[in-house]
Amino acid sequence: MSTLNPFAAPGTAAAGTRSAPAGSDTRPAGAQADGGPGRRTGSSPAPAASGPSGPTDPTNPLGLPDDLIVTGEAVALDVRPAMLLSRVGSGIIDIATYGIVGLVFVLLGLQLTTNEAQLSVVVVVAMALVMLILPTTVETLTRGVSVGKFATGIRIVRDDGGPVRFRQAFVRALVGTVEVWVTFGSAAVITSLVNRRGKRLGDLLAGTYAARVRGSEMPLQPLLMPPDLERWAQQADIRRLPDQLAVHARVFLSRTGTLQPQARVQAAYALAAAVEPYVAPPAPWGTNPERFLAAVLVARRDREYTTAVRRQERELFEAERMRELPYGITDYA
């Protein structure tokens with residue numbers, strides 16, 4: 001029995017497939033003899049074999065960047081790395097702001113000190129305030145935004161696109177005492193130039209990077225489960241689907257209205273052919289590739305949401321049990 005790629009364009013052979021025996025007809029019932037739609041047909045016909053060649057990477061027909069942030073629901077967060085010039089401008093503004101605060105602190109301390117020892121303590125505290133305490137506090141409370149970052153339209157985010165917390169802010173500020181203040185920013189600039197995401201040493205250790213937040217949002221319309229594929233999607237195994245492939249399919253479905261008809265068909269078949277090896281059992285006969293992709297992504301999103309809810313409920317239940325007294329001990333509260 002032949003194992004033809006169900007989403008391959010008619011007239012093209014799928015890689016790693018076996019050819020059908022000579023004289024046999026592998027076309028489904030109702031298929032046209034002149035190279036009509038293959039196994040999966042829908043509202044859009046499959047591209048002709050003699051048409052333009054497909055994209056170099058069939059799993060990324062839209063040419064999306066490889067460093068898109070992907071959430072658990074396969075949603076692309078277009079938090080692009082900030083340019084070096086923006087980061088330098090942000091750093092200069094932050095240094096000036098923190099420096100003014102430190103200078104005010106020292107001037108106030110001069111009014112209270114009576115000897116050089118006390119003045120030395122004030123200076124040390126001011127340096128700790130400017131280099132470590134203020135940057136950590138500001139980035140923790142604002143989730144990665146400071147005065148300079150707000151002015152230049154960037155934000156510090158985790159590698160997964162989430163907001164930074166105290167640990168990441170503290171590591172960045174701690175490393176920055178040497179990387180920014182001692183070396184006058186030269187170490188940070190050199191590291192940012194050689195890193196693909198423009199990370200400095202503090203970002204590498206904290207697992208963060210500076211991302212643009214102005215004009216970088218990629219709004220995506222919510223996906224709906226095709227009614228005819230709901231029962232199949234509930235039983236299908238899609239756990240092995242790679243995140244990057246899922247996000248390419250997700251962004252494609254959000255941009256179908258902006259694509260040329262031929263390019264849309266080619267991209268749909270290419271993505272469906274790339275996704276299908278990770279889904280079992282295959283979709284019903286005659287499924288449109290775009291509806292197939294939507295069903296897979298919706299089922300994946302719903303399952304991960306259900307898993308997250310159950311995990312949260314389990315953690316809350318275990319937390320309640322930990323607060324209970326051991327069995328047999330009366331609670332007189």
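Q: Is β3 mostly covered or mostly exposed, and how many of its residues are buried?
A: This is a predicted model, and in it β3 is mostly covered, with four of its five residues buried.

Q: Which strand does β3 pair with, and in what sense?
A: β3 pairs with strand β4, residues 208–212, and the two run in the antiparallel sense over five bridges. One of the residues involved is I156, whose bridge partner in β4 is A210.

Q: Stepping back, how many helices and strands does the protein have?
A: There are ten helices and four strands, and from the N terminus on the elements follow the order β-β-α-α-α-β-α-α-α-β-α-α-α-α.

Q: And what percentage of the residues is buried?
A: Of the 333 residues in the protein, 37% are buried.

Q: Changing topic to pockets: what volume does the second largest pocket have?
A: The volume of the second largest pocket comes to about 610 Å³. Its lining is made up of 30 residues, and those that lie nearest the centre are R87, G91, I95, V180 and R200.

Q: Which elements supply at least two residues of that lining?
A: At least two lining residues each come from α1 (84–110), α2 (116–142), β3 (154–158), α4 (166–182) and α5 (186–194). The largest share belongs to α1, which contributes nine residues to the lining of the second largest pocket.

Q: How do the lining residues divide into nonpolar, polar and charged?
A: The lining of the second largest pocket holds 18 nonpolar residues, six polar ones and six charged ones.

Q: Why do R200 and E179 count as buried?
A: R200 counts as buried because its relative accessibility is 9%, and E179 counts as buried because its relative accessibility is 2%; the cut-off for buried is under 20%.

Q: How many salt bridges are there by this rule, and which residues are linked in a network?
A: The count comes to eleven salt bridges, and a network of them links R87, D94, E139, K149, R172 and D203.

Q: What about D302 and R301, where do their side chains meet?
A: The side chains of D302 and R301 meet in a salt bridge at 3.2 Å, N to O. D302 counts as partly exposed at 36% relative accessibility, and R301 is likewise partly exposed at 25%.

Q: Switching to aromatics, how many aromatic pairs does a search of the whole structure find?
A: The search finds two aromatic pairs. In one of them, the ring centres of F166 and F170 are 5.8 Å apart and the planes are at 20°, so the pair is stacked.

Q: Where do F166 and F170 lie?
A: Both lie in helix α4, four residues apart, which is about one turn of the helix. F166 counts as exposed at 51% relative accessibility, whereas F170 counts as partly exposed at 31%.

Q: And how are W232 and F292 arranged?
A: W232 and F292 form a tilted aromatic pair, at 6.0 Å centre to centre and with 40° between the planes. W232 lies in helix α7 (residues 230–235) and F292 in helix α10 (residues 289–323), so the pair ties together parts that are 60 residues apart in sequence.

Definitions and conventions
Residues numbered from 1 in each chain as written. Predicted model: local features only at pLDDT ≥ 70, side-chain atom pairs only at ≥ 80, totals over all residues. Heavy atoms only, no water. 1 Å grid on protein atoms, 1.4 Å probe; cavity = no way out; pocket = protein on both sides within 12 Å on 5 of 7 lines; lining within 4 Å. Points joined across faces, edges and corners; volume = space filled by probe spheres on them. Nonpolar A, V, L, I, M, F, W, Y, C, P; charged D, E, K, R; others polar. Salt bridge = Lys/Arg side-chain N within 4 Å of Asp/Glu carboxyl O. Buried < 20%, exposed > 50% of the residue type's maximum accessible area, 1.4 Å probe, protein only. Pairing = 2+ DSSP bridges. Phe/Tyr/Trp six-rings, centres within 6.5 Å; stacked < 30°, edge-to-face > 60°.
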